[in-house]
Amino acid sequence: MADNNENEENGLESELIIGGPPARSNEVLPANIYILPVTSRPFFPGQAVPLLMSPDHWRTTFDELAASPHDIVGIILTESDSAEVAKPEEFRKVGTACRVHRVQKQEGRLQVLVECLQRFEISQLMTEEAPFCAHVSYLQEKEGAKDDEIKAYAMAIINTIKELLPLNPLYVEELRMFLDRFGPDDPSHLSDFAASLTTSDREELQDVLEATDLMTRMEKVLVLLHKELELARAQNKIRKVVEDKMQTQQREFFLREQLKVIQQELGIAKDDKTADVDEFRQRVEGLTLPADVDKRIEEELGKLSLLETGSPEYGVTRNYLDWLTVLPWGKNSEDNLDLKHARQQLDADHYGLDDVKKRIEEFLAVGITRGEISGSIILLVGPPGVGKTSLGKSIAAAMGRKFYRFSVGGTRDEAEIKGHRRTYIGAMPGKFVQALKDAGSMNPVIMLDEIDKIGNSYQGDPASALLEALDPEQNADFLDHYLDVRADLSKVLFICTANQLDSIPDPLLDRMEVIRLSGYLGSEKLEIAKRYLLPRQLKKAGLKRKQVQVPVSTLRKIIEDYARYAGVRRLDKQIGALMRKSAVRILDDEATPIKVQKDQLRDWLGSPLFQDERRLSGVGVITGLAWTTMGGATLHIEAAKTHNFTRGFKLTGQLGDVMRESAEIAYGYIVGHAQDYQSQASFFEKAFIHLHVPAGATPKDGPSAGITMASALLSLARGKQLARKLAMTGEMTLTGEVLPVGGIREKVIAAKRAKIRELILPQDNRDDFERLPEYIRKGLKVHFATHFNDVEPLLFGKR
């Protein structure tokens with residue numbers, strides 16, 4: 001103790017010996033001792049434990065201990081997460097009295113070696129802050145159980161420890177240290193030693209420490225030992241699995257290396273470089289290589305043979321050769337030049353679209369008469385869901401060619417079309433070269449989907465990059481930036497799809513043969529649903545026809561109220577929803593067959609997405625016809641005089657620029673020719689006219705409402721409403737000429753759906769109307785107009 005001041009001056013840098021010899025069993029321990037809180041786990045009598053303590057918090061405690069007449073300290077478990085901030089109320093009542101043997105400061109921490117002696121219980125804390133001092137009472141073991149029972153538990157503990165020893169070598173050393181001090185016939189220290197071996201949590205170990213009854217303590221210890229045994233077995237099993245896997249992998253690696261060396265010594269194996277060169281040469285055997293391609297391959301093979309396999313250039317050259325040799329140079333699939341087979345293929349895959357099929361048959365017939373179908377680019381234009389992509393697949397099947405499809409919608413990098421230059425890391429050829437590789441021939445059918453949605457950016461203009469590939473005069477020498485050799489695309493049949501033509505650049509559009517798909521009629525949709533969609537959705541849902549029945553009336557109701565689009569994609573989705581809901585009902589043990597009646601569709605599919613079009617009437621109200629992506633609709637135009645305070649003209653209904661111009665033209669024409677149509681010219685001198693197109697939330701544009709707006713203004717000026725129920729469409733000029741418009745098929749269908757049987761169409765659209773199927777034209781009375789003078793008598797009768 002006399003060395004305390006010297007150690008304090010040295011900052012406890014040297015070792016400080018506080019304690020004396022090992023404890024004796026009959027040693028008298030002091031009643032007042034200093035307390036050291038710990039957080040990890042309690043300690044048991046018989047242990048020699050090293051502690052790491054913070055010198056800032058506990059140096060004073062060890063100074064006081066050094067000045068005391070004894071070297072005993074109490075170690076007690078605290079509920080706090082840190083011993084440095086532990087409060088007296090967080091101390092557990094039972095701890096272990098220990099003799100301090102050595103205190104040494106090293107690397108900023110106090111290293112304390114203590115010998116655990118005996119259990120104690122805190123009777124009274126004498127200080128509320130560090131250094132903690134307490135008056136304690138030492139706990140003696142209670143005599144309770146018979147010697148035979150204690151001996152039996154001791155043997156059980158020893159046997160469990162024996163089972164643990166092979167599973168964890170660390171237990172062997174700890175057992176040796178225990179046997180150096182105690183014997184196996186000391187059940188108290190044996191149970192404490194066994195508890196200290198486990199990795200149990202601190203609460204379980206504290207319960208063992210507080211158990212003064214030996215029999216109770218041994219029972220608790222035996223439970224903890226069995227838990228530890230199961231944990232050790234699980235860890236050992238996992239370790240063995242990992243070791244076995246690693247040994248297997250190492251063994252296989254060494255065997256492969258040995259086999260490779262043996263094969264090389266016997267001359268039956270090649271190194272990686274030789275194997276690559278031989279593979280590339282084997283690929284091009286039997287191919288008809290163009291002269292420049294053959295020369296480039298030989299140059300690259302010579303370069304590859306001089307490079308080391310580990311160099312980056314070797315990988316670049318090998319990838320380049322891989323692409324050059326994998327292409328099907330000179331290989332073409334044989335075309336099926338049978339027009340009858342093509343017609344059967346198109347009819348089997350698609351219902352309706354007779355005009356489209358005829359155009360495709362004409363195209364194929366020209367190729368058949370020539371003996372080959374090449375150098376052609378077809379553009380299929382139509383609304384979503386009308387079968388553009390599936391038509392492309394049918395054409396490929398009819399010709400017996402491989403089909404490759406990729407979408408150019410949203411493509412902004414021209415490298416996607418013409419490939420990356422090989423100077424870039426991760427460079428790849430363009431989509432056309434990839435299509436030739438996947439198809440395995442130089443004359444596949446390549447579909448470019450959504451070509452109207454192609455983009456451009458600072459990385460280039462993909463639409464311009466397509467000009468070379470889609471030009472029959474240039475694509476025989478198509479140059480991909482990655483391959484850097486010419487590839488012949490002249491035998492490829494390109495099929496493009498688009499929803500509209502406006503966004504396709506004119507130079508690109510000029511290279512294509514446009515085939516329009518205007519959509520399906522209601523009757524055609526009904527047949528498609530019965531023949532294709534319903535069976536497909538039944539199969540997809542795993543159902544049979546006898547389980548679910550959808551009557552024709554129900555399908556017709558779905559088409560009218562839930563799927564009034566030009567295509568059949570929404571119709572397919574609605575039928576799929578019926579099948580899913582039917583599957584749920586069948587699994588809920590509902591009786592089959594389940595019949596979906598049309599008056600139950602609101603329960604099956606919710607509220608209808610489309611309502612019956614209301615027909616407005618009155619002075620200044622005229623019904624027009626409009627084309628939409630849903631296939632066509634009636635469009636009511638209203639004209640009204642707001643006031644006579646000032647002359648003016650106002651337009652509402654979210655009209656586009658073209659439609660506003662049509663309204664201005666109609667207003668100017670009617671004002672200028674009011675007297676010619678039995679209207680007072682003075683009506684417009686002071687009248688403020690408001691022209692509105694209902695459904696103001698829907699954007700509208702286009703020139704086809706010209707005669708409709710003029711008719712509405714004339715009806716307002718004359719104060720008369722229409723003499724008959726009719727609808728009209730047509731563009732009008734400042735001189736009153738009626739010009740043709742598009743979408744006649746869809747507009748006529750919309751008029752029939754609204755039960756309007758009399759129409760006014762431009763004279764130049766007569767051929768479009770007459771080409772419609774007979775069942776569409778049936779029941780309609782159509783007037784064709786070349787000038788607004790032809791329209792006016794039909795509105796109110798002859799003058």
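**View 1. Asp335 and Arg401, both buried.** Buried here means under 20% relative accessible area, exposed over 50% and partly exposed in between, with a 1.4 Å probe and protein chains only. Asp335 and Arg401 form a salt bridge whose closest N and O atoms are 2.8 Å apart; a salt bridge is a side-chain nitrogen of Lys or Arg within 4 Å of a carboxyl oxygen of Asp or Glu. The pair links distant parts of the chain, 66 residues apart: Asp335 sits in the loop between helix H10 (312-326) and helix H11 (339-349), and Arg401 in the loop between helix H13 (388-399) and strand S8 (403-407). Helices (H or I, at least four residues) and strands (E, at least two) are DSSP runs numbered from the N terminus. The model is predicted: local features need pLDDT of at least 70, side-chain atom pairs count only at pLDDT 80 or more, and totals for chains, interfaces and linings use all residues. Residues are numbered from 1 along each chain as its sequence is written, and side-chain values use heavy atoms, leaving out hydrogens and water.

**View 2. The salt bridge between Arg296 and Asp484.** The closest N and O atoms are 3.8 Å apart. Arg296 belongs to helix H9 (residues 291-306) and Asp484 to the loop between strand S10 (478-479) and strand S11 (486-487), so the pair ties together parts 188 residues apart in sequence. Asp484 counts as partly exposed, at 39% relative accessibility.

**View 3. Glu527 and Lys530 within helix H18 (residues 522-540).** The two residues are three apart, about one turn of the helix. Their salt bridge has its closest N and O atoms 3.3 Å apart. Lys530 has 31% relative accessibility and counts as partly exposed.

**View 4. A network of salt bridges linking Arg92, Glu203 and Glu210.** The count of salt bridges comes to 33.
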